[in-house]
Amino acid sequence: MGFVLAFGVVSMLADVVYEGARAITGPYLATLGATAVMVGFITGIGEAVALVLRLGTGPLADRTRKYWPLTIAGYALTIVAVPLLALANSLWQAAALVITERFGKAVRTPARDTMLSHAGTAMGRGKAFAIHEALDQSGALVGPLLVGLAVGVSGYQLGFGILAVPGAFALVAVLLLRRAVPAPEHYDEQAAQARSRQEGGQTRAALPARFWWYSAFTAASMFGFSTFGVISFHLEVQKVLPSALIPVTYAVSMGAAALAALGSGALYDRVGLRGLLIVLPLTAAVPFLSFATAPGLVWAGAVVWGTALGIHESTLRAAVTDLVPAARRGTGYGIFTAIYGLAWLAGSTIIGALYTESRTGLIVFTVATQLLALAVFIPLARSVGTQLQAK
């Protein structure tokens with residue numbers, strides 16, 4: 001528990017940095033000449049980089065077991081890239097820094113999640129990932145508020161530049177945690193036994209069919225989930241809210257995500273994968289609310305979007321641990337998040353295009369993707385049910 005809480009503090013400080021930046025990325029890119037499609041593509045490719053490149057960093061973590069060096073390097077990339085956005089003077093410079101920040105997340109996350117999965121063995125993995133995500137999202141609540149204040153005082157440059165301060169604290173915190181707990185895999189006897197079998201020359205187990213069905217279910221849901229970049233672009237160009245309030249809507253989303261992570265984590269530990277289905281109607285409701293022009297609906301959309309994101313980023317990660325062999329967790333996380341990221345990239349680009357061309361088409365597209373996800377969930381539920389009966 002102490003390790004999970006401490007890692008939550010590290011992630012909280014890092015989230016102040018990159019979630020603060022994400023709160024104003026859409027409007028900032030708009031000031032540099034980006035269209036809605038470009039914002040959707042840039043933010044989508046950023047998320048894809050953060051997720052797809054884990055196809056390499058996940059197996060790398062499994063193979064080298066250099067969990068701490070990968071984690072620290074990833075945090076360092078993010079902490080350097082974000083404040084540099086204050087100095088960008090063209091769209092493509094800003095886009096490159098947005099993508100670099102997401103690359104840092106790709107480097108660190110499989111190694112970090114593997115360490116958290118070890119710590120969650122005794123306390124329940126849904127609970128471990130939920131507590132970590134709740135602390136993580138508390139930083140995502142503070143960051144946008146800090147940035148919103150800075151933007152209100154002196155514009156976007158100060159908004160990005162001020163994030164260098166919590167970034168420095170995050171880097172110090174992760175270095176101290178690494179010194180205190182150099183080998184978190186010792187928390188997990190199952191992983192230690194799997195490692196011994198692997199070292200003894202046994203072939204690593206293949207990823208099971210239920211893992212692939214689960215990845216397909218998540219991909220279908222994320223295909224219809226807008227990035228906040230497109231939502232914030234809408235709020236800026238339609239003048240739904242003042243620019244300084246747009247980061248506050250993101251802060252509201254992050255607060256909702258933190259609470260959703262705690263609730264969905266507890267639900268997952270109690271009822272398993274069925275508890276994840278709640279994410280589908282939440283995602284389907286987003287375009288009705290977040291792309292409205294009435295401020296009240298937009299604020300409600302911020303809560304709904306954040307709740308769905310909190311479930312995606314906490315409990316969906318926890319479930320991967322229960323669907324793959326212990327010796328292949330890093331690889332499992334890498335493949336899962338790569339599929340997740342490609343779906344989000346494609347979907348966010350389509351949503352950006354539909355936003356310009358047809359709001360009705362955007363709504364139909366979103367609802368259809370969630371119905372597809374529900375259809376994919378049925379064979380997944382049967383596969384997991386068969387496994388439980390066999391046990």
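Q: Which residues touch the most other members of the largest nonpolar core?
A: F7, Y214 and W305 do, within a core of 108 residues. Helix 1 (residues 2–31) gives the most to this core, with 14 residues. A nonpolar core is a set of buried Ala, Val, Leu, Ile, Met, Phe, Trp, Tyr and Cys residues joined through side-chain atoms within 4.5 Å. Helices are DSSP runs of H or I, at least four residues, numbered from the N terminus. This is a predicted model: local features need pLDDT of at least 70, side-chain atom pairs count only at pLDDT 80 or more, and totals for chains, interfaces and linings use all residues. Numbering runs from 1 along each chain as its sequence is written, and side-chain values use heavy atoms, without hydrogens and water.

Q: Why is Y214 called buried?
A: Buried means under 20% relative accessible area (exposed is over 50%, partly exposed in between; 1.4 Å probe, protein chains only). Y214 has 0%, so the word applies.

Q: What makes the pair of Y214 and F336 stacked?
A: Ring centres of Phe, Tyr and Trp (its six-membered ring) must lie within 6.5 Å; planes under 30 degrees apart count as stacked, over 60 as edge-to-face, the rest as tilted. Here the centres are 5.4 Å apart and the planes 10°, so the pair is stacked.

Q: Which parts does the pair of Y214 and F336 tie together?
A: Y214 lies in helix 10 (residues 209–223) and F336 in helix 16 (residues 329–357), so the pair ties together parts 122 residues apart in sequence.

Q: Why is F336 counted as buried?
A: Its relative accessibility is 2%, so F336 counts as buried.

Key: Helices (H or I, at least four residues) and strands (E, at least two) are DSSP runs, numbered from the N terminus.
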